[in-house]
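Subject: Structure handover

Hello,

Here is the structure for your files. Please open it first, then read the notes below.

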Amino acid sequence: MGLFNYPILMAADILLYKPYGVPVGEDQKQHIELTRDIAENFNKSYDKNLFPLPEPLISKETGKIIGTDGTRKNE
C-alpha cells in the first residue's frame with residue numbers, strides 16, 4: 001500500500017499550502033504532475049478554483065542529487 005499511498009499523501013501535503021510552485025528534483029517531477037491532476041479533478045468536481053495547479057521548480061544546479069561516489073545519479 002505504501003507504493004500507492006505515498007504519492008497521494010505527498011499531494012495532500014503540497015495542496016495543503018496552496019503553492020504555485022514547488023522546489024523539487026527532476027526525479028520528483030511526476031509527483032507534481034499527479035498533484036496537478038488531483039487539484040484539477042477536485043476543482044472540476046466542486047466547480048471551484050480552490051487549489052492552484054502547482055508547477056515544479058527544478059534548479060539547474062541542484063536538479064539532480066550527487067551520489068556518494070561523487071558522480072550524478074543515473075537517470
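One definition comes first: rings of Phe, Tyr and Trp (its six-membered ring) pair if their centres lie within 6.5 Å; planes under 30 degrees apart count as stacked, over 60 as edge-to-face and the rest as tilted. Ring pairs join Phe42, Tyr46 and Phe51 in a cluster.

This is a predicted model, where local features need pLDDT of at least 70, side-chain atom pairs count only at pLDDT 80 or more, and totals for chains, interfaces and linings use all residues. Residues are numbered from 1 along each chain as its sequence is written, and side-chain values use heavy atoms, with hydrogens and water left out.

**Aromatic pairs**
There are two aromatic pairs in the structure. Phe42 and Tyr46 form a tilted one, with 4.7 Å centre to centre and 40° between the planes.

**Exposure**
Buried means under 20% relative accessible area, exposed over 50%, and partly exposed in between (1.4 Å probe, protein chains only). Phe42 has a relative accessible area of 32%, so Phe42 is partly exposed. Tyr46 is exposed, at 54%.

**Core**
The largest nonpolar core has five residues: Met10, Ile14, Val22, Val24 and Ile32. Such a core is a set of buried Ala, Val, Leu, Ile, Met, Phe, Trp, Tyr and Cys residues joined through side-chain atoms within 4.5 Å. Ile14 is in contact (heavy atoms within 4.5 Å) with Pro19, Val22, Ile32, Thr35 and Pro54, leaving aside its neighbours within four places in sequence.

Best wishes
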